[in-house]
Amino acid sequence: MNKIIRIAAALALTIGLAAGALAAQGASIIGEVKKIDEGAGKITLKHGPAKSLGMEEPMTMVYRVKDTAMLKQVKVGDKVTFEAEEAASGYTVTKMEKAK
């Protein structure tokens, strides 16, 4: 009986971890760099739906960046995947990398 409980617990943990990983992947947004303003620490991104931000439609938006070093790693026209969060001051890109 203990063996069955341990197997069930391990299975539940595995399923929970897999669901968490899928949810984290769902937070990534695919976009294209349209403009970079290093002085202001902002980037303009044209992107598809951003469900993690409550945006159901594709749009082009200006975002602040959490770390201005991110702006040096991309150029206008690059395809990127990014994560962003909403704050009182607007939307902020927290993570960004060139799309593969």
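This is a predicted model: local features need pLDDT of at least 70, side-chain atom pairs count only at pLDDT 80 or more; totals for chains, interfaces and linings use all residues.
Residues are numbered from 1 along each chain as its sequence is written, and side-chain values use heavy atoms, with hydrogens and water left out. Local features need pLDDT of at least 70, side-chain atom pairs count only at pLDDT 80 or more, and totals for chains, interfaces and linings use all residues.

**Aromatic cluster**

Rings of Phe, Tyr and Trp (its six-membered ring) pair if their centres lie within 6.5 Å; planes under 30 degrees apart count as stacked, over 60 as edge-to-face and the rest as tilted. The count comes to 2 aromatic pairs.

| Pair | Centre distance | Plane angle | Class |
|---|---|---|---|
| Tyr63 and Phe82 | 5.5 Å | 70 degrees | edge-to-face |
| Tyr63 and Tyr91 | 6.3 Å | 65 degrees | edge-to-face |

Tyr63 sits in strand β3 (residues 59-65) and Phe82 in strand β4 (residues 79-87), 19 residues apart. Tyr91 belongs to strand β5, so its pair with Tyr63 ties together parts 28 residues apart in sequence. Strands here are DSSP runs (E, at least two residues), numbered from the N terminus. Ring pairs link Tyr63, Phe82 and Tyr91 into a cluster.

Buried means under 20% relative accessible area, exposed over 50%, partly exposed in between (1.4 Å probe, protein chains only). Tyr63 is buried at 0%. Phe82 is buried at 1%.

**Lys95**

Lys95 lies in strand β5 (residues 90-98). Its relative accessible area is 46%, so Lys95 is partly exposed. Leaving aside residues up to four places away in sequence, Lys95 touches Met70, Thr81, Phe82 and Glu83; contact means heavy atoms within 4.5 Å.

Conventions:
Helices (H or I, at least four residues) and strands (E, at least two) are DSSP runs, numbered from the N terminus.
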